[in-house]
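Let's take a friendly walk through a protein structure. Have the sequence and the 3D view ready, and look back at them as you read.

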Amino acid sequence: MTAGKKSVPKGEKRQTGTVYEQLTSWALEGARQGLTPRDAWAAAQGSVQGSPSTLAKGCPRSTFVSLAEHGYLRGVPRQADARPLTLNAQHALHARVVAQADPDLLNRKQAWWAATRAYSGTDRENHAGILDVLHALITRDALTDLPVP
């Protein structure tokens, strides 16, 4: 890393988990080192292998950025000028409550999303990467204990 310019640390490439779990891991490191959550996600895209359309998908990005901006990630300061919590981030927080009630769901994403849909009342058919982001954050114990909105 060059002096004065912040970026995601260049170490061994993480190749475990889904593309969105890998992006989340890199972005979390970048945000903890002082990048804005949005910039951390953008920087992480250069550290993960995937198709351009996969790396640019908006749902996982908005989930991570919104959770980070609102103070839900340990070691990442809340942004005073944060936009309202995104619907994707709200779904993630509901999915967290569901996973806390039944941790076995963490490794069964279809069942986890079905339980989240029932809990939250959403009619959204699939998680669109939201659960991948949340899984990465849960396994890294990166979530704070702020209340679910």
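Of the contacts in the protein with a separation of 6 or more, what percentage is accounted for by residues 24 or more positions apart? The share is 58%. Keep in mind that this is a predicted model.

**The overall picture**

The secondary structure consists of 7 helices and 0 strands. The protein has 149 residues, and 45% of them are buried. Its accessible surface is about 7,700 Å², with 52% of that belonging to carbon and sulfur atoms.

**A closer look at helix H5**

Helix H5 covers residues 87–101, which makes 15 residues.

Several residues of H5 are buried, among them Asn88, His91, Leu93, Arg96 and Val98. What do the buried residues of H5 pack against? Their partners are helix H4 (58–69), helix H6 (109–120) and helix H7 (130–139).

**The nonpolar core**

In soluble globular proteins, nonpolar side chains tend to be buried together. Here, the largest nonpolar core has 37 residues. The members that touch the most other members are Leu23, Leu28, Phe64, Leu67, Leu73, Trp112 and Leu137. Helix H1 (19–32), helix H2 (37–44), H4, H5, H6 and H7 each give two or more residues to this core.

Leaving out residues up to four places away in sequence, Leu137 touches Thr24, Leu28, Leu67, Leu73, Ala142 and Leu143.

**Salt bridges across the chain**

How many salt bridges does a search of the whole structure find? The search finds 5. Here are some of them, with the distance from N to O:

| Salt bridge | N to O distance |
|---|---|
| Lys109 and Glu21 | 3.1 Å |
| Asp145 and Arg96 | 3.4 Å |
| Asp132 and Lys109 | 2.4 Å |

Start with Lys109 and Glu21, whose side chains meet in a salt bridge. This pair links distant parts of the chain, with Lys109 in helix H6 and Glu21 in helix H1, 88 residues apart. Lys109 is partly exposed, at 22% relative accessibility, while Glu21 is buried, at 11%.

Lys109 also forms a salt bridge with Asp132. Asp132 lies in helix H7 and Lys109 in helix H6, 23 residues apart. With a relative accessibility of 7%, Asp132 counts as buried. Put together, Glu21, Lys109 and Asp132 are linked in a network of salt bridges.

Next come Asp145 and Arg96, another pair whose side chains meet in a salt bridge. Asp145 sits in the segment after H7 and Arg96 in helix H5, 49 residues apart. Is Asp145 buried or exposed? Asp145 has a relative accessible area of 66%, so it is exposed. Arg96, at 11% relative accessibility, counts as buried.

**A stop in a loop**

Finally, find Ala82 in the loop between H4 and H5. Its relative accessible area is 23%, so Ala82 is partly exposed. Apart from neighbours within four places in sequence, Ala82 is in contact with Glu69 and His70. Ala82 and His70 are 12 residues apart along the chain, and their C-alpha atoms are separated by 6.7 Å.

Conventions
Residues are numbered from 1 along each chain as its sequence is written. This is a predicted model: local features need pLDDT of at least 70, side-chain atom pairs count only at pLDDT 80 or more; totals for chains, interfaces and linings use all residues. Side-chain values use heavy atoms; hydrogens and water are left out. Helices (H or I, at least four residues) and strands (E, at least two) are DSSP runs, numbered from the N terminus. The expected span of a helix is 1.5 Å times one less than its number of residues. Buried means under 20% relative accessible area, exposed over 50%, partly exposed in between (1.4 Å probe, protein chains only). Contact means heavy atoms within 4.5 Å. Accessible areas come from the Shrake-Rupley method with a 1.4 Å probe; for residues, only the protein chains shown count as cover. A nonpolar core is a set of buried Ala, Val, Leu, Ile, Met, Phe, Trp, Tyr and Cys residues joined through side-chain atoms within 4.5 Å. A salt bridge is a side-chain nitrogen of Lys or Arg within 4 Å of a carboxyl oxygen of Asp or Glu.
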